[in-house]
Amino acid sequence: MTATEPTSAAAVAEDLVIDLKLDKLWYGKFFAVRDTHVPVTRGTVTAFIGPSGCGKSTALRCLNRMNDLVDGFRFDGSVHFQSRDIYHPTIDPVAVRRYIGMVFQQPNPFATTVFKNVAFGLRLNRFRGDYEERVEHALRRAALWDEVKDKLHSSGLALSGGQQQRLCIARAIATEPEVLLMDEPCSALDPIATRRIEELMTELKERYTIVVVTHNLQQAQRVADMTGFMYVDTTQGGRTGYLVEHRPTAELFADPRAEETRQYIRGEFS
Amino acid sequence: MSTPSASLAQPPTAGERWMDLGLRRGAQALAVGVLVLLAAIVVEIGAVAAPAVRERGVDFLTSSTWDTNRDEFGILPHIWGTLYSSLLALLIGGTLGLAVAVFISQRFLPRRLELLLKNVVDLLAAIPSVVYGLWGIFFVIPAIRPFTAFLHEHLGFVPLFDERSPGPNMLASSLVLAIMVLPTMTAVSRDAIATVPRKLREAAFGLGATRWECILGVVLPTAATGVFGALVLAFGRALGETMALAMLLGNRNEFNVSLLAPGNTLAALIANTFPEAQDHERGVLMYAAIVLLSITLVVNMLGTAILVRSSRKAAGARP
């Protein structure tokens with residue numbers, strides 16, 4: 001597709017980085033998620049909120065095929081990344097994860113130096129070029145450079161929790177992925193470190209498309225352009241998560257359409 | 001009767017406290033007992049060996065002659081044979097053991113099969129070493145005979161192959177010894193690999209690492225200290241192995257670098273010579289025993305220290 005193509009559909013498709021369509025998703029016999037369709041636009045932050053066990057992390061992990069590592073995972077539906085079906089049989093899940101970066105709930109730096117942590121992805125991608133420049137660039141963007149520039153060659157595990165999480169963000173963005181997935185990135189951090197990461201997310205969306213799972217409603221309101229609320233359906237005997245509504249964040253919080261959303265954001269259940 | 005709101009809590013009775021104290025003291029006494037036992041063994045053997053140590057000194061360690069009739073004794077060939085066979089076994093068994101540890105811990109197989117294989121490898125440790133010796137004599141030595149003949153014939157100018165025995169030899173001994181150290185290597189390095197947190201493997205996969213890139217780039221480097229500890233413990237196991245080598249190595253008291261030639265080790269020397277030894281030779285053998293004991297104690301203490309350090313590191317202590 002070229003930029004000169006006149007159709008509006010093409011323009012929409014170009015802005016659409018990820019198109020998640022989960023109809024039915026199982027882990028073995030466990031029916032985990034149903035009817036969750038979320039389009040993600042370039043350069044935005046999309047948040048998934050909802051109670052524990054509603055499948056928001058599962059939905060996130062479909063976007064870079066991390067669920068492939070779970071035994072018994074299968075789903076009906078599709079996930080498109082830049083108009084390509086990432087679950088197509090000819091697509092290598094390892095390749096998908098190189099284009100879509102991920103930051104996890106627990107800071108998980110490797111037991112090696114700060115520098116080697118950030119350079120890990122570059123080495124995986126057989127990057128030939130100036131590693132020092134790339135590493136510095138990634139650390140600056142993750143707002144960590146000033147704190148670690150004098151200890152690049154000491155262990156990443158010696159940093160504080162908040163610094164470790166920013167190190168993991170630097171590691172994820174060093175290879176310039178299109179999309180950054182964040183699975184409750186602040187849940188192990190104190191409020192000050194959390195604010196740092198939130199500011200960082202707002203800065204990073206200039207360059208990356210971000211999808212974040214959070215338990216923290218204020219966080220979704222502060223950082224997300226779009227918010228998807230997921231809830232657990234217990235009516236069929238199981239515990240199946242589904243998307244209740246997915247709308248611009250301000251609208252969703254000001255004027256929730258569904259009763260479940262209204263109760264959840266008022267804190268009437270968790 | 002007390003009111004329903006009264007607390008049901010009671011302080012521990014005197015009996016409970018005595019029991020607690022007694023258990024603690026008892027455990028302490030037993031722990032100290034183990035150390036006393038170790039010290040007693042060293043002192044006892046040291047006492048029997050003392051006259052020989054005083055009489056022969058360092059010459060005993062550097063001489064290569066073992067001649068009862070002339071009363072000349074030296075254990076250089078045995079120290080060499082002990083280290084040589086153990087290092088070769090470590091090279092083969094260590095590599096193989098690590099590969100098995102990776103194979104049965106990194107989800108190459110279904111859980112049940114992993115568990116089954118782990119138990120089979122553990123069972124290798126339950127085979128008596130005399131059985132390994134017999135297996136070596138009746139299977140390994142004949143099996144590698146054409147191969148050793150080929151090496152000697154075509155590469156005989158290399159010192160490693162310049163002398164060959166069709167019967168007992170260093171290569172066959174090391175191969176059997178490698179299989180004997182395999183369970184130690186596999187069990188200990190598998191434990192070290194298992195302490196690598198799942199979140200680190202997820203991080204590697206999340207960055208787009210293949211399984212091998214994850215294992216080689218993250219899992220093994222993180223477990224490196226533990227794997228090294230496993231190597232040292234396997235080395236300690238190989239150094240002290242007696243029966244299989246007494247049966248397979250040929251008991252030749254001669255210094256030799258050839259893989260295809262017979263040799264001897266400290267443990268095999270003691271086992272083979274002691275039953276028929278005269279009084280003066282017994283002292284000499286005790287001296288050899290002290291040397292062997294020192295080597296294995298140092299190696300095992302080193303291995304344990306490394307493992308303790310690595311498990312502390314894995315527990316998340318900051319360096």
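This is a predicted model: local features need pLDDT of at least 70, side-chain atom pairs count only at pLDDT 80 or more; totals for chains, interfaces and linings use all residues.
**Notebook: chain contact, strands and a helix pair**

Next I turned to strand E10 (residues 240–248) of chain A. It runs parallel to strand E2 (residues 30–41) of chain A, and 2 bridges join them. I looked up Val33(A) and found its bridge partner in E10(A) to be Gly241(A).

Strand E9 (residues 226–233) of chain A also pairs with E10(A), in the antiparallel sense and over 8 bridges. Here Thr227(A) has Arg247(A) in E10(A) as its bridge partner. I checked the link between the two strands: E9(A) and E10(A) form a hairpin with 6 residues between them. In the turn, Gly237(A) has a positive phi of about 95°.

Last, I went to chain B. How do helix H5 (residues 129–155) and helix H6 (residues 170–194) of chain B cross? Their axes come within 9 Å and cross at roughly 130°, so H5(B) and H6(B) are oblique to each other. I recorded the crossing as right-handed.

I then listed residues that meet there. Those in H5(B) include Tyr132(B), Val140(B) and Ile144(B), and those in H6(B) include Leu171(B), Leu175(B) and Met180(B). By class, the contact of H5(B) with H6(B) has 9 nonpolar, 3 polar and no charged residues.

Definitions and conventions. Residues are numbered from 1 along each chain as its sequence is written. Chains are lettered from A and ligands numbered from 1 in the order in which they are written. Two strands pair if DSSP finds at least two bridges between them. Helices (H or I, at least four residues) and strands (E, at least two) are DSSP runs, numbered from the N terminus. Axes are lines fitted to C-alpha atoms, for helices over the stretch in contact, and angles run from 0 to 180 degrees between N-to-C directions. Angles under 35 degrees count as roughly parallel, over 145 as roughly antiparallel, 65 to 115 as roughly perpendicular and the rest as oblique. A crossing is left-handed if the near helix is turned anticlockwise from the far one by less than a right angle, and right-handed if clockwise. Two residues are in contact if their C-beta atoms, placed from the backbone, lie within 7 Å. Ala, Val, Leu, Ile, Met, Phe, Trp, Tyr, Cys and Pro count as nonpolar, Asp, Glu, Lys and Arg as charged, and the others, Gly among them, as polar.
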